[in-house]
Amino acid sequence: MSLFDRPQSSAILETFTAEIERLGGAVKDSIEHEGTLYARSTLERAMDVSPGDRMRAGIAMRATDEDIRVHPYVFRLVCKNGAIYSTAIQTEVISLDDPVTDPIVALREAIHACARAEVCERSI
């Protein structure tokens, strides 16, 4: 028996949004489809990889009945029409079957782990 109930998607999205905003970022998209919640955010952190070539950091999330996956990623504008290239790295996985881990606390910790500067720098 679990010490913690499985969180509702509304609590997961609320937590994701609050932590991203606490980090100075913004949630850009969220959608729930067939029992899976998807959310995408951007952070203020950006780095120049060459003159005129800037990469930004973001965090994406996918939550199902089994787990929550938090993905740090970097993206870049690759042409004037707004095309974006993104790559997810170092995914944090939170199992909702773990009887001793509070999934909301684990989600907060995963978001902060994915937002560390070294995660963005390593991927670039």
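Biologist: How many of the 124 residues of the protein chain count as buried?

Modeller: In this predicted model, 35% of the 124 residues count as buried.

Biologist: Why is T64 called buried?

Modeller: T64 has a relative accessible area of 17%. Buried means under 20%, so T64 counts as buried.

Biologist: Where is T64 placed, and which residues does T64 touch?

Modeller: T64 sits in the loop between strand 3 (53–63) and strand 4 (67–77). Leaving aside residues up to four places away in sequence, T64 touches G35, T36 and L96.

Biologist: What makes the pair of T64 and E66 a close polar pair in terms of distance?

Modeller: A polar atom of the T64 side chain lies 3.2 Å from the backbone nitrogen of E66. The cut-off for a polar contact is within 3.5 Å, and 3.2 Å meets that distance.

Biologist: Why are strand 1 and strand 2 called paired?

Modeller: Pairing takes at least two bridges. Seven bridges join strand 1 (residues 26–33) to strand 2, so the two strands pair. They run antiparallel, and S30 stands opposite A39 in strand 2.

Biologist: What lies between strand 1 and strand 2 in their hairpin?

Modeller: Two residues lie between them, and E34 in the turn has a positive phi of about 50°.

Biologist: How do you know that strand 2 pairs with strand 3?

Modeller: The count is 10 bridges, with the strands running antiparallel. At least two are required, so strand 2 and strand 3 pair. S41 stands opposite I59 in strand 3. This hairpin also has two residues between the strands, and G52 takes a positive phi near 75°.

Biologist: Which residues have the most contacts inside the largest nonpolar core?

Modeller: They are I59, M61, I68, V70 and L107, in a core of 23 residues. Helix 1 (9–22), strand 2 (36–50), strand 3, strand 4 and helix 2 (103–114) each supply at least two residues of this core.

Biologist: Why might nonpolar side chains be found together like this?

Modeller: In soluble globular proteins, nonpolar side chains tend to be buried together.

Biologist: What is the geometry between helix 1 and helix 2?

Modeller: Their axes come within 10 Å and cross at roughly 35°. The crossing is right-handed. On the helix 1 side, the residues that meet helix 2 include A11, F16 and I20; on the helix 2 side, they include I104, L107 and I111.

Conventions: Residues are numbered from 1 along each chain as its sequence is written. This is a predicted model: local features need pLDDT of at least 70, side-chain atom pairs count only at pLDDT 80 or more; totals for chains, interfaces and linings use all residues. Side-chain values use heavy atoms; hydrogens and water are left out. Helices (H or I, at least four residues) and strands (E, at least two) are DSSP runs, numbered from the N terminus. Buried means under 20% relative accessible area, exposed over 50%, partly exposed in between (1.4 Å probe, protein chains only). A polar contact is a pair of N or O atoms within 3.5 Å; within protein, one must be able to donate a hydrogen and the other to accept it, and residues adjacent in sequence count only if both atoms are side-chain atoms. Contact means heavy atoms within 4.5 Å. A nonpolar core is a set of buried Ala, Val, Leu, Ile, Met, Phe, Trp, Tyr and Cys residues joined through side-chain atoms within 4.5 Å. Axes are lines fitted to C-alpha atoms, for helices over the stretch in contact, and angles run from 0 to 180 degrees between N-to-C directions. A crossing is left-handed if the near helix is turned anticlockwise from the far one by less than a right angle, and right-handed if clockwise.
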